[in-house]
Amino acid sequence: MWARRGSIRGAAFVTGGVLAAAFVAKNARAQCVDEELKQELVGGRHYRGVQERLFTKAFRHELSAMGGVYAADLYSSNWIVGGAYTFHFSEDLGLEASVQFTRFHSAVTDAYELRYPKIQVLDRPDRPGTLYLGHLVWSFAYGKLRWMGDGISRFDFNLAMGAGVTDDSTSRSVTGSVGIGTKFFFGRWVALRFDARDHVLKEVLVGDEHLVNDVVVTLGASMFIPFGG
């Protein structure tokens, strides 16, 4: 009887040891999985996390060249080209001065003169124009793009408000301007820009003065100085 009890106790001890070893092995395996999962999550978080700012604008000078379409109320749509200089006081605010060139032309008066050749419009609306404008530019939002799973570039959305003068070679009109734009930044000193702005001014056509809203849409490129900002 004693031998049987000893055998039972020995078997129980062995069984308990096996279970304890299995429990320890299971815990070690779970801990290993937890560590692997932790490393994977940490690595993924590092991959997606906040990174150092890729492009800085504060206290830098921006030189831009642009071209696009000038859609006038009284005149026919025409090309527009020009340039701009912007000084950025911070990442959000900049002061821009620009000059742009276009032509004020009316296809309506051309058609009228062709239909009535004996009647000629004295104030022929086909003349060069120059726009001198200043804007306060506020970058109100920005984001980042990942290109084909490789490089990351930044983009901004901005609002522009300002005023200036529109010179159509016969008169100069005070012009108010408001618009929205976006810039895509590449490297540390190059950007592509897209702008759409509404100009409010007085224009004269065949002796009559009108308050108009002219829309200017441009696409351009910018260079930032110093280059390594």
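Author: Let us begin with a charge and a ring: the charged end of Arg 154 sits over the ring of Tyr 142, 4.7 Å from its centre. This is a predicted model, in which local features need pLDDT of at least 70 and side-chain atom pairs count only at pLDDT 80 or more, while totals for chains, interfaces and linings use all residues. Residues are numbered from 1 along each chain as its sequence is written, and side-chain values use heavy atoms, with hydrogens and water left out.

Reader: What makes Arg 154 sit "over" the ring of Tyr 142?

Author: The term asks that NZ of Lys or CZ of Arg be within 6 Å of the ring centre and within 35 degrees of the ring normal. For Arg 154 and Tyr 142 the distance is 4.7 Å, and Arg 154 also lies over the face of Phe 185, at 5.7 Å from the ring centre.

Reader: Why is the contact between Lys 183 and Glu 62 called a salt bridge?

Author: A salt bridge is a side-chain nitrogen of Lys or Arg within 4 Å of a carboxyl oxygen of Asp or Glu. The closest N and O atoms of Lys 183 and Glu 62 are 2.8 Å apart, so the pair qualifies. Lys 183 lies in strand S6 (residues 172–186) and Glu 62 in strand S1 (residues 61–71), so the pair ties together parts that are 121 residues apart in sequence. Strands here are DSSP runs of E with at least two residues, numbered from the N terminus.

Reader: Which residues are linked with these two in a network of salt bridges?

Author: The network links Glu 62, Glu 96, Lys 183, Arg 193, Asp 195 and Arg 197. Within this group, the side chains of Arg 193 and Glu 96 meet in a salt bridge at 3.0 Å, N to O. Arg 193 lies in strand S7 (residues 190–205) and Glu 96 in strand S3, so this pair joins parts that are 97 residues apart in sequence. Arg 197 forms a salt bridge with Asp 195, with the closest N and O atoms 3.6 Å apart. By the rule, the count comes to 11 salt bridges.

Reader: How do you know whether Arg 197 and Asp 195 are buried or exposed?

Author: Buried means under 20% relative accessible area, exposed over 50%, and partly exposed in between (1.4 Å probe, protein chains only). Arg 197 has 10% relative accessibility and therefore counts as buried, and Asp 195, with a relative accessible area of 3%, is buried too.

Reader: What makes Tyr 70 and Phe 104 an aromatic pair, and why is the pair called edge-to-face?

Author: Rings of Phe, Tyr and Trp (its six-membered ring) pair if their centres lie within 6.5 Å, and planes under 30 degrees apart count as stacked, over 60 as edge-to-face and the rest as tilted. Tyr 70 and Phe 104 are 5.7 Å apart, centre to centre, with 80° between the planes, so the pair is edge-to-face. Tyr 70 is in strand S1 and Phe 104 in strand S3, 34 residues apart, and both Tyr 70 and Phe 104 are buried.

Reader: Why is the pair of Trp 138 and Phe 140 called tilted?

Author: The rings of Trp 138 and Phe 140 are 5.8 Å apart, centre to centre, with 50° between the planes, so the angle falls in the tilted class. Trp 138 counts as partly exposed because its relative accessibility is 42%, and Phe 140 counts as partly exposed at 37%.

How values were computed:
Helices (H or I, at least four residues) and strands (E, at least two) are DSSP runs, numbered from the N terminus.
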